[in-house]
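These are my notes from going through one protein model. I put down what I looked up, entry by entry.

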Amino acid sequence: MRILSMPLIVATLLVGCREDPEPTPSDSGTSQQDSGVPGDDAGVPGDDAGVPGDDAGVPEDPLPSGPPVPQGPPNVPEFNPAFPGQTRAPAIQTKTPIQVTEIASGFRNPWAIAFLPDQRMLVTEKATGSLYIVTQQGAKSPAVSGLPAVDARGQGGLLDVEVSPDYAESQRIYWTYSEPRTGGNGLTVARARLVDGAQPRVENVQIIFRMMPTLESTLHSGGRMVFTPDGKLFVTLGERSILAGRVQAQDVKSHLGKVVRINPDGTVPQDNPYLGNPEAKPEIWSVGHRNVLSAALDSQNRLWTVEMGPQGGDEVNLTEAGKDYGWPTIGYGEEYSGAPIHQSPQAPGMEQPVYYWDPVIAPSGMTIYSGTLFPEWRNNLFIGGLASQALVRLMVRNDRVVGEEHLLKNLNARIREVVQGPEGALYLLTDATNGKLLKLTPQ
Ligand SMILES: [Ca+2]
């Protein structure tokens, strides 16, 4: 394990991070143009935003003001935000000096981290379909045996992993993957008992959810999972990118382009929002998503998601039961070819994102900070940025984004995953053929 201050780690991390596979169209976003013009001021909240913060009774600092994070011009300048602060919030800067520690490296395109009760980590590798147990000192187990085969092409492979809330009794873990199937592939959720030890394995593998219908596509798998304190499991899904899938994002007879909510055994909670519609897939929680790659609960246990949008259309959504988040009918972006997708970014009956990026950050992974190591980060959203090669921090007040920061730009690394460890540090994975597991603590 190496402990490096921010300037020193740059040289270390430059090695290997340029070996990335060619980004897929929806990952590629825009090239980074830090010298670009700040853009218009549409995202700057006005003086009317002097709202109380999340923590009642705690005096808040004044809301940030000033220019946004430097970024290129918008891809779709003709679309205007629905409200002030919906994009290009004022740039903010973390005051606490950050120490970046490299715990381990040599992961081939790692995707997700989950913490075991003893602070060891489960780490998935997307393309190899391998799962590892990694200690805080960086020791990596042999690959856990017994996981089913994955369709590793494109954005498929082994994706998220979660530790069951009752792990101490059950030793259960959950994972998502692109499952090879007759007629194509699809996002599947499995669970099993982890048998720990020198040669770890899983036993009693059970498939608890299959995204349907099966289609032949290597794109837009979604795949993030979030357990809730009331014992439910959210799973985020994509619409497979191909036209046959994209149109199903609005179709409740299909799982494509949805967030779903299931019980941990795969059965349907009896308060799910579409149970009154006999044609609807009963697992559906929300509709109209493109490719949801980030999900986390806030301090009120509400589900926030970030979805990979088209060119100029990544969005943050407060993802509520039975609501329609618009894709592909509305949105702020355009096709990567530059062709228009939407007549308008807004429509009655469809939800507006809390925030969007044009140009995109290419999001993946998210945590909402609740630790004590960085008090200034409390309740902030942290989102991994792929094309943006940044850890994106959003300051939120009253469900509006009031400040944005792009951290770790000097690493020049695609950030795939960000999770908060039990002690309040942030843990990251970089997306590269030599992917790294990093830890952020105060210096
Ligand atoms: Ca949307």
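**Entry 1: strand E19 and its partners**

I began with strand E18 (residues 363-368), which is joined to E19 by four bridges, the two running antiparallel. Strands here (E, at least two residues) and helices (H or I, at least four) are DSSP runs, numbered from the N terminus. Two strands pair if DSSP finds at least two bridges between them. Strands of a sheet pair through backbone hydrogen bonds, either parallel or antiparallel.

I noted that Pro363 stands opposite Gly385 in E19. I then looked at E19 and E20, which pair in the antiparallel sense over five bridges. In E20, Leu391 is the bridge partner of Gly384. The hairpin of E19 and E20 has four residues between the strands, and in it Gln389 takes a positive phi near 45°.

Is E19 enclosed or open? I found that five of the five residues of strand E19 (residues 381-385) are buried, so the strand is largely enclosed by the rest of the structure. Buried means that 20 or more other C-beta atoms lie within 10 Å of the residue's own; exposed means 12 or fewer, partly exposed is in between, and C-beta atoms are placed from the backbone. Leu381, Ile383 and Gly385 point one way from E19, while Phe382 and Gly384 point the other way, and all are buried.

**Entry 2: what kind of model this is**

The model is predicted: local features need pLDDT of at least 70, side-chain atom pairs count only at pLDDT 80 or more, and totals for chains, interfaces and linings use all residues. Residues are numbered from 1 along each chain as its sequence is written.

I looked up pLDDT, the predictor's confidence in each residue, from 0 to 100. The protein averages 89, and 86% of the residues score at least 70. Over residues 4-54, pLDDT stays under 50. Where pLDDT is low, the predicted coordinates should not be read in detail.

**Entry 3: the whole protein**

I listed four helices and 24 strands. Of the 443 residues, 49% count as buried. For contacts I used C-beta atoms, placed from the backbone, that lie within 7 Å of each other. Among contacts between residues at least 6 apart in sequence, 62% join residues at least 24 apart.

**Entry 4: the nonpolar core**

Which residues have the most contacts inside the largest nonpolar core? I wrote down Ile113, Leu122, Phe234, Val235, Leu391 and Leu437, in a core of 103 residues. Strand E20 (residues 390-397) gives the most to this core, with six residues. A nonpolar core is a set of buried Ala, Val, Leu, Ile, Met, Phe, Trp, Tyr and Cys residues joined through C-beta atoms within 7 Å. In soluble globular proteins, nonpolar side chains tend to be buried together.

I checked Val235 next. Leaving aside its neighbours within four places in sequence, Val235 is in contact with Thr176, Val189, Phe209, Met225, Val260 and Ile262.

**Entry 5: Trp175**

I found Trp175 in strand E7 (residues 172-181). Trp175 is buried because 29 other C-beta atoms lie within 10 Å. Beyond four places in sequence, its contacts are Thr124, Leu158, Asp160, Val161 and Ala190. The C-alpha atoms of Trp175 and Thr188 are separated by 8.3 Å, and the two residues are 13 apart along the chain.

**Entry 6: an open sheet**

I traced a sheet of four strands in the order E14-E15-E16-E17, open and with antiparallel pairing. Its edge strands are strand E14 (292-297) and strand E17 (355-357), each pairing on one side only. Strand E15 (residues 303-307) and strand E16 (residues 314-318) are joined by four bridges. Glu307 has Glu315 in E16 as its bridge partner.

I noted a cis peptide bond from Met212 to Pro213, with omega near 5°. Pro213 is in the loop between strand E9 (201-210) and strand E10 (225-227). Another cis peptide bond joins Trp327 and Pro328, with omega about 0°. Pro328 has its place in the loop between E16 and E17.

Asn204 is not a glycine, yet has a positive phi of about 55°. Asn204 is found in strand E9, and counts as exposed because there are 10 C-beta neighbours inside 10 Å. Asn398, also not a glycine, has a positive phi of about 50°. Asn398 lies in the loop between E20 and strand E21 (400-407), and is exposed, with 10 other C-beta atoms within 10 Å.

How values were computed. Two residues are in contact if their C-beta atoms, placed from the backbone, lie within 7 Å.
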